[in-house]
Amino acid sequence: MRRIVAGLLLVAGLLAGCAGGPAGEDAADTVRRLGRVPVPSAEPGPPAPVAASLGKPQLIAMGAPVRVSLPGGEAVVTTTGPDAPGGQRPGGPARGAIEITAAPGSGEVRLDAADFDVRDDSGANVPLVPDGPADAEATTGRPGALRLVGTFRDGQARIAWRQDGHVVAMWVFSVEND
């Protein structure tokens, strides 16, 4: 019996040593003893662009910028949308527009409607048609922009941008027709 009691006292002593601080210490005592630990937070404003190229595609959220390096030039490319006009049936398909903009860095980056495709969460293709020109160029001092229109159903979707048969960037987004 003495060995059991001695063993229990040894275990209790070891557990007390693992408790983290002196007996009776409260949170304020712990802060004084250890100091404050900063909690990181997101930077305000738009996110910094991630880098993408033919050999290094990026998967990002709709609206996030991508710094694209292609053989002909560099640009920061952003997609937004789909923006749908009001008055559409809630829960039903909604006609909406996706805006693609390229802010030039150097050289030339071409945006062509045929290089973009949208798939919904079931894998079905969402056909896009240009609302305006079917292509645009971003060159030094002159941004380029496309507006592509499609009919979207509620749920998740993604828009992919391909150059020379390779995905450069893919933006994911949700559609809610309220």
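These legends walk through a few close-ups of one predicted model. Being a predicted model, it gives local features only at pLDDT of at least 70 and side-chain atom pairs only at pLDDT 80 or more, while totals for chains, interfaces and linings use all residues. Residues are numbered from 1 along each chain as its sequence is written, and side-chain values use heavy atoms, with hydrogens and water left out.

View 1. A strand here is a DSSP run of E with at least two residues, numbered from the N terminus, and two strands pair if DSSP finds at least two bridges between them. As a reminder, strands of a sheet pair through backbone hydrogen bonds, either parallel or antiparallel.

**View 2. Strand 6 and its partners.** On one side, 2 bridges join strand 6 (residues 116-120) to strand 7, and these two run antiparallel. Look for Arg119, whose bridge partner in strand 7 is Asn125, and for Val118, which stands opposite Val126. The two strands make a hairpin with 4 residues between them, and Gly123 in that turn has a positive phi of about 90°. Strand 6 also runs antiparallel to strand 11, joined by 5 bridges; there, Asp120 stands opposite Ala157.

View 3. Zoom in on Ile100: leaving aside residues up to four places away in sequence, the residues it touches include Val77, Leu111, Phe116, Leu148 and Ile159. Contact means heavy atoms within 4.5 Å.

**View 4. A buried salt bridge between Arg158 and Asp117.** Their side chains meet at 2.8 Å, N to O. The pair ties together distant parts of the chain, with Arg158 in strand 11 and Asp117 in strand 6, 41 residues apart. Both residues are buried (buried means under 20% relative accessible area, exposed over 50%, partly exposed in between, with a 1.4 Å probe and protein chains only). A salt bridge puts a side-chain nitrogen of Lys or Arg within 4 Å of a carboxyl oxygen of Asp or Glu, and the structure holds 7 of them.

**View 5. A salt-bridge network.** Arg110, Asp135, Glu137 and Arg142 are linked here. Arg110 meets Glu137 at 2.9 Å, N to O; Arg110 lies in strand 5 and Glu137 in strand 9, 27 residues apart. Glu137 also pairs with Arg142, at 3.9 Å, N to O. Arg110 is partly exposed at 34% relative accessible area, Glu137 is partly exposed at 26%, and Arg142 is partly exposed at 45%.
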